[in-house]
Amino acid sequence: MATQSGARLEFLGAPGSPYTRKMLALLRYRRIPHAIRWGGHQDPPAGYPTPKVKLLPTFFFPHADGGLDAVVDSTPIIRRLEGEHPGRAALPEDPVIRFLNALIEDYADEWLTKAMFHFRWAHAADAANAAPLLVFWSRPQMPESEARAWADAVGKRQIDRLYVVGSNATTAETIEASYARLVAILDQLIAAQGFVLGARPSSADFALYGQLTQLAIVEPTSAAITARIAPRVRAWTDRVEDLSGHEGGAWLARDEIGAVKPLLGEIGRVYAPFLIANAKAAAAGADVVETEIDARAWTQPTFAYQAKCLAWIREDFAALSAADQTAVRAALAGTGCDALLEAA
């Protein structure tokens, strides 16, 4: 079972889960001993606790009485691991670069996953591709006839839930154009410096990578976009899968932040307006977010968690020194992300 630093950390995950892939790649890079149990919460491992919210990956951390806690949510887990496992850090030391890293990680986790879900289920060919994979990723020995029935049920359920992430006929162009711009931006960043924030990977890289394991590889439509616009990004995704042998490199210095401005501009163009509108809807007790993103209407259910994401961004900013706040404001100026710093 899972133990403290220096022993093996166990977790439950699935190959089709971007967050599982994010964490698996991070653990490999940081050389933290680990063992993954492939599967899902429909087949929980015997003797292990179940989390309150059944999400993947689920980590099993020991507590003082010898039992285990089932923990989800990749971002705080990464921060916990930074404290428990020194060396090969994935969080930049410079508070300004660290703030930008957290913002990009949040964008990948909370906006780019909309693209992943959209491409997977909004296109018939992609849905037909994904549904059986989801079954066999979890249960590779399931008989074909039973797997086909499961795949049909999974596909229908997920297609019926597209509205939850804001995917519909009106927003499709917003989502797909944003993804195409993103891979073009990543192509330039990778070509120039290797990773998003310099020559060393950070948690932002692993968050982007997690979504790209699906978008750039599994989903036929978005994979074709990636291959056409940025084959370098497709290749980078394969490399980030295992960076256990990566050595050296440094994150950007403050006077080099301009390199990441195009990515911050994309975040400000699509994710910032969503976060702000969602937070306002949550504060008003509204069930639905109605706003405009990239000059098109956007409607989806209100998400309490993503309202917390905006609050955490603002809390992180408030915790910075006055000089660091000034540096962050300068980095975000003109990107649209600066609106995230303003109190509601």
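1. The chain has 12 helices and 6 strands, where helices (H or I, at least four residues) and strands (E, at least two) are DSSP runs numbered from the N terminus. The radius of gyration, taken over C-alpha atoms, is 20 Å, close to the 20 Å that the globule rule gives for 344 residues, so the chain is as compact as a globular protein of that length. The globule rule is 2.2 Å times the number of residues to the power 0.38.

2. This is a predicted model: local features need pLDDT of at least 70, side-chain atom pairs count only at pLDDT 80 or more, and totals for chains, interfaces and linings use all residues. Residues are numbered from 1 along each chain as its sequence is written, and side-chain values use heavy atoms, with hydrogens and water left out.

3. Along the principal axes, the C-alpha atoms fill a box of roughly 60 × 50 × 45 Å. Among contacts (heavy atoms within 4.5 Å) with a separation of 6 or more, 72% are between residues 24 or more positions apart.

4. Of the 344 residues, 51% count as buried, that is, under 20% relative accessible area with a 1.4 Å probe and protein chains only; exposed is over 50%, and partly exposed lies in between.

5. Strands β1 (residues 9–13) and β2 (residues 34–38) run parallel and are joined by 5 bridges; pairing requires at least two DSSP bridges. L12 has R37 as its bridge partner in β2. From β1 the chain passes through helix α1 (residues 18–30) to β2, a right-handed β-α-β crossover, meaning a clockwise path from the first strand over the helix to the second with the strands pointing away from the viewer.

6. L133 is in helix α4 (residues 124–138) and counts as partly exposed at 30% relative accessibility.
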